[in-house]
Amino acid sequence: MTAFDFKLLLDPVILIILTLFCVILGYLFYKVRYINTSLRRLTKILKSFKKGSIMYRFKELDEIFSKDKFIANYWVEFKNSLVFNEGVAIKTNEDTLKFQSPESSNIQCTIDSGYFFNEETLVHGKMNYKFISTVPTILTGLGPLFTFLHISLAFAKVNFSTQEATIASVSSLMGAMKVAAMISVVAVGSSIIFIIIERLIYKNLCMVPLNEFQLELNKLFDNISSEKFLVELLKESKMQNNAMNQVFNELPEQMKIAFEKSFNASLIPYLDNLIFSVNKLQENIAQSSKSSSGILNDLFGNNE
């Protein structure tokens, strides 16, 4: 009985089904291992960054993820949704600059990171999941296909011409029925085993590291909704307008002070020198006039 069962498993159709099962299962293990290794490596990189210093080390993180083939495409799209919230310098009443830190995180994402880094992009897209999900159906479908094909070929060989041929044909037909039944059992059994293995490794080796990666990413970048982003933008605009109004209000006074300083420093000394020169010139003219009058008097007096 044991030798007979072993021979049944050596049937070409059964070997084809088992070979197909092993090849696809090997492909599944290869892809799952690649996804698991990549996600854990990226999670380890994220853990080396802290939320408080991500603003200053973002360029370093950007260079690493932009060059990583596993995540580069999705990282570029995610980076475009980030908002860099920097501090604002405000002038106080004491005429000094005060740096106001933002209330929220330094870097925020306007679109949830799960939109870019999710099960569809980082797991399904890396293993051709649509094909993997159809494998159980393919294996199950091969069972009835080859079973009925095997039975039809066995019936085609039936010969009832003689008693001996009839006995031989019935015996051959019974053997073919056993092989056909074994084909269905192997096909359905391999399909069930594949489903169990695929569910177990998918959960433990794909979803668990993916959740860890998403958690670490969310720790670094806070999610900000569109409404909240507009509110923050409005607040920032009001702060900037207030600062500009203060500048414009102080500008006339500053111009007056600057004009007075410039007037006192350059124009007044120049006017003083000019007035002094004019006075000296008038004195010289007066003296010259007196001298000329004396000379004329002397000349006219001598002539008389």
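Author: Helices (H or I, at least four residues) and strands (E, at least two) are DSSP runs, numbered from the N terminus. This is a predicted model, in which local features need pLDDT of at least 70 and side-chain atom pairs count only at pLDDT 80 or more, while totals for chains, interfaces and linings use all residues. Residues are numbered from 1 along each chain as its sequence is written, and side-chain values use heavy atoms, with hydrogens and water left out.

Reader: How many helices and strands are there in the protein chain?

Author: The protein chain has eight helices and five strands. Their order from the N terminus is α-α-α-α-β-β-β-β-α-α-α-β-α.

Reader: How is burial to be read, and what share of the 304 residues counts as buried?

Author: Buried means under 20% relative accessible area, exposed means over 50%, and partly exposed lies in between (1.4 Å probe, protein chains only). In the protein chain, 29% of the 304 residues count as buried.

Reader: Which residues of the largest nonpolar core touch the most other members?

Author: In soluble globular proteins, nonpolar side chains tend to be buried together. A nonpolar core is a set of buried Ala, Val, Leu, Ile, Met, Phe, Trp, Tyr and Cys residues joined through side-chain atoms within 4.5 Å. The largest one here has 51 residues, and those touching the most other members are Leu61, Phe65, Phe117, Met127, Phe194, Phe213 and Phe221. Among the elements that give two or more residues to this core are helix H2 (12–47), helix H3 (54–67), strand E4 (107–109) and helix H6 (129–156).

Reader: What does phenylalanine 117 touch?

Author: Contact means heavy atoms within 4.5 Å. Leaving aside residues up to four places away in sequence, phenylalanine 117 touches Ile71, Tyr74, Trp75, Phe78, Leu122, Phe213, Gln214 and Leu217.

Reader: Which residues of H4 are buried, and where do they fall around the helix axis?

Author: Ala72, Trp75 and Phe78 are the buried residues of H4. Seen down the axis of H4, they fall within an arc of 120 degrees, so they line one face of the helix; the arc is that of the directions from the helix axis to the C-beta atoms. The cover over these buried residues includes H3, strand E1 (82–84) and E4.

Reader: How many salt bridges does the rule give?

Author: A salt bridge is a side-chain nitrogen of Lys or Arg within 4 Å of a carboxyl oxygen of Asp or Glu. The count by this rule is seven. One of them joins arginine 57 to glutamate 60 (3.2 Å, N to O). These residues are three apart in helix H3, and therefore separated by about one helical turn. Another joins glutamate 216 to lysine 219 at 3.6 Å, N to O. Glutamate 216 counts as buried at 13% relative accessibility, whereas lysine 219 counts as partly exposed at 46%.

Reader: Where is threonine 43, and is it buried or exposed?

Author: Threonine 43 lies in helix H2 and is buried, with a relative accessible area of 3%. Not counting residues up to four places away in sequence, threonine 43 touches Pro209, Glu212, Phe213 and Glu216.

Reader: What is the phi of asparagine 128?

Author: Most residues other than glycine have a negative phi. Asparagine 128 has a phi near 55 degrees, a positive value in a residue other than glycine. Asparagine 128 is placed in the loop between H5 and H6 and counts as partly exposed, at 44% relative accessibility.
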